[in-house]
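Take a look at the structure below.

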Amino acid sequence: MNRRLFPLLGPLILLATAPRSLGGTVGGTWEMSWNTEGGMRYTDWEVSQEAEAVVVKTDGQVLNGTLREGRLSLAGRFYSSEAGYSSTLKIEATVSEGEMKGSGTWDQYAMTFTGKRVDQTSRD
């Protein structure tokens, strides 16, 4: 290999891995605590991540979104058995070192939440 190419490899490696190092990873199992207008709710999330794309499976439903520079954005139709109908759930959160904190909206309802990763997948 040409020796003049070696100095270029370091920056190229950093650029190739930047989304993961800047935003971290979220793949795995998360225990979520929701502070809703109807009181505290608790759910588990099964999260998979491929680069910046994130998929959350919870309560038999799926949310899709992205993780960029530690900011998680998710959205999807979500059915609430308590309310008896579906509406769009939108979530914004910050993720750092296995913890998550954020807010969301579902229909006209607002909520805040925290999460803790309890099991990390090997794919992220």
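This is a predicted model: local features need pLDDT of at least 70, side-chain atom pairs count only at pLDDT 80 or more; totals for chains, interfaces and linings use all residues.

Begin with empty space. Rolling a probe the size of a water molecule over the atoms shows where such space is left. The largest pocket has a volume of about 630 Å³. Its lining comprises 24 residues. Closest to the pocket centre are Thr36, Arg41, Phe78, Ser80 and Glu82. Several strands share in the lining. Those that give two or more residues are β1 (28-36), β2 (39-50), β4 (61-68), β5 (71-80), β6 (85-96) and β8 (109-120). The top contributor is β2, with four residues. By class, the lining holds 13 nonpolar residues, seven polar ones and four charged ones.

Now turn to charge. Side chains of opposite charge can pair when their charged atoms come close. With a cut-off of 4 Å between nitrogen and carboxyl oxygen, the model has three salt bridges.

Glu82 and Arg41 are among the residues closest to the pocket centre. Glu82 forms a salt bridge with Arg41, and their closest N and O atoms are 2.8 Å apart. Glu82 sits in the loop between β5 and β6, while Arg41 belongs to strand β2, so the bridge ties together parts that are 41 residues apart in sequence. How exposed are the two partners, Glu82 and Arg41? Glu82 has a relative accessibility of 61%, so it counts as exposed, the cut-off being over 50%. Arg41 has a relative accessible area of 28% and is partly exposed.

The second bridge joins Arg68 and Glu52. Here too the closest N and O atoms are 2.8 Å apart. Arg68 lies in strand β4 and Glu52 in the loop between β2 and β3 (53-58), so this pair ties together parts 16 residues apart in sequence. Arg68 is partly exposed, at 46% relative accessibility. Glu52 is partly exposed as well, at 27%.

The side chains of Arg71 and Glu92 meet at 3.9 Å, N to O. Arg71 is in strand β5 and Glu92 in strand β6. The pair links distant parts of the chain, 21 residues apart. Arg71 counts as partly exposed, at 40% relative accessibility. Glu92 is partly exposed, with a relative accessible area of 37%.

Methods: Residues are numbered from 1 along each chain as its sequence is written. Side-chain values use heavy atoms; hydrogens and water are left out. On a 1 Å grid over the protein atoms alone, a cavity is a set of points where a 1.4 Å probe fits but cannot get out, and a pocket is an open set with protein on both sides within 12 Å along at least five of seven lines; lining residues have an atom within 4 Å of a point. Grid points are joined across faces, edges and corners, and a volume is the space filled by probe spheres set on the points. Ala, Val, Leu, Ile, Met, Phe, Trp, Tyr, Cys and Pro count as nonpolar, Asp, Glu, Lys and Arg as charged, and the others, Gly among them, as polar. Buried means under 20% relative accessible area, exposed over 50%, partly exposed in between (1.4 Å probe, protein chains only).
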